[in-house]
Amino acid sequence: MWIYEKKLQYPVRVNKCDITMAKYLIEQYGGADGELAAALRYLNQRYSIPDKVIGLLTDIGTEEFAHLEMIATMVYKLTKDASAQQMEEAGLGAHYANHDNALFYNNAAGVPWTAAYIQAKGDPLADLYEDIAAEEKARATYQWLIDMTDDVDLQDSLKFLRQREIVHSLRFREAVEIIKEDRETKKIF
Amino acid sequence: MKELQSSQERSYTPFIGPFDPCVPVTHKTYVIPPNQYIVFQPLNLPQFPLQEALKLGTLWPALYSPYESRRGRREQTKDGNESL
């Protein structure tokens, strides 16, 4: 059960009509290390992980949807008024041919999202290490996106998202410490 | 802010071949965020004021990692030319 709050987690302002940037931002929408992959990865792994860290996966997985919504807002603002010609000039001709100005879950190169991007191994350590790696890869992607735009307002929202990846990474590392602990486990002899 | 960012930056000097087709970058950098030095966050760490925390994306100065766009940042190459 979720409760939806009809506002963004952090304000999204886009100042520059740089349609090409939408093509790159989509990496964090439908890419391998994007927010959709993150949300679905954590919210699925949580069923088969020790009780103590289920809540963490629920919280972070939920927050990833809030991030997904922010990225969607950025892409939408940049593309909603673009003509077919402008989309084509921005490198989004192939996107337009298939989707008009709609958003779609694909990466910056147009490759559609696939569940093969994520894993649920059922082994708590393996799953949490994947999650840590995913957070660091998303942090790196945000860095490159920040490098690609000179729109300071867009940079501002991207910096917020990057910082959240750093916090999440630490929380997953703490989860690893929790599952490493041997206390309170029932031992049957 | 600048000092904090540079304290989280690491660098190395990659191999440069004598026949590189493009102007080589002599100095490459990458980021190691502060989360890498915390195993389990200790209790009672200092906090940012709430308004600032909401803006920065973390309540904890110990976890804060500033990142400025490298767009337009130029680096000196070995022959004194500037490259992106």
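**View 1. Packing of α3(A) against α7(A).** In this predicted model, helix α3 (residues 35-45) of chain A and helix α7 (residues 124-148) of chain A have axes that come within 11 Å and cross at roughly 165 degrees. That angle makes α3(A) roughly antiparallel to α7(A), since angles over 145 degrees count as roughly antiparallel. The crossing in which α3(A) passes α7(A) is left-handed. On the α3(A) side, the contact is made by A:E35, A:R41, A:Y42 and A:Q45. On the α7(A) side, the residues in contact are A:D127, A:E130, A:D131, A:A134, A:E135 and A:Y142. Classified by residue type, this contact holds six charged, three nonpolar and one polar residue.

**View 2. The second largest cavity, with lining residues from α3(A) and α7(A).** The volume of the second largest cavity is about 40 Å³. Its lining consists of A:Q28, A:D33, A:G34, A:E35, A:A38, A:R41, A:Y42, A:E64, A:A134, A:E135, A:A138 and A:E165. Helices α3 and α7 of chain A each contribute at least two residues to this lining. The greatest contribution comes from α3(A), with four residues. The lining of the second largest cavity comprises six charged, four nonpolar and two polar residues.

**View 3. Packing of α7(A) against α8(A).** The axes of α7(A) and α8(A) come within 9 Å, and the crossing angle is roughly 165 degrees. The two helices are therefore roughly antiparallel to each other. Their crossing is left-handed. The contact of α7(A) with α8(A) has 16 nonpolar, eight charged and four polar residues.

**View 4. Packing of α4(A) against α8(A).** Helix α4 (residues 51-79) of chain A packs on helix α8 (residues 152-180) of chain A at an angle of about 165 degrees, and the two axes lie 11 Å apart. This angle makes α4(A) roughly antiparallel to α8(A). The crossing of α4(A) and α8(A) is left-handed. Their contact contains 15 nonpolar residues, along with six charged and three polar ones.

View 5. Rolling a probe the size of a water molecule over the atoms shows where empty space is left. In this model the count comes to two cavities of 30 Å³ or more. The largest cavity has a volume of about 60 Å³. From chain A, the lining of the largest cavity includes A:Q143 and A:W144. From chain B, the lining includes B:Q5, B:E9, B:T29, B:Y30, B:V31, B:Y67, B:E68 and B:R70. The elements giving two or more residues to this lining are α7 of chain A and β2 (28-31) of chain B. The largest share, three residues, is supplied by β2(B). By class, the lining of the largest cavity divides into four nonpolar, three polar and three charged residues.

**View 6. The largest pocket, lined by residues of chain A.** The largest pocket has a volume of about 390 Å³. Residues lining the pocket include A:W2, A:I3, A:Y4, A:E5, A:K7, A:L8 and A:Q9. The lining of the largest pocket has six nonpolar, four charged and two polar residues.

**View 7. Chain A as the setting of the helix pairs.** Chain A contains eight helices and zero strands. From the N terminus on, its elements run α-α-α-α-α-α-α-α. Taken along the principal axes, the C-alpha atoms of chain A fill a box of roughly 75 × 30 × 30 Å.

Conventions:
Residues numbered from 1 in each chain as written. Chains lettered and ligands numbered in written order. Predicted model: local features only at pLDDT ≥ 70, side-chain atom pairs only at ≥ 80, totals over all residues. Heavy atoms only, no water. Axes fitted to C-alpha atoms, helices over the stretch in contact; angles between N-to-C directions. Parallel < 35°, antiparallel > 145°, perpendicular 65-115°, else oblique. Left-handed = near helix turned anticlockwise from the far one by under 90°. Contact = heavy atoms within 4.5 Å. Nonpolar A, V, L, I, M, F, W, Y, C, P; charged D, E, K, R; others polar. 1 Å grid on protein atoms, 1.4 Å probe; cavity = no way out; pocket = protein on both sides within 12 Å on 5 of 7 lines; lining within 4 Å. Points joined across faces, edges and corners; volume = space filled by probe spheres on them.
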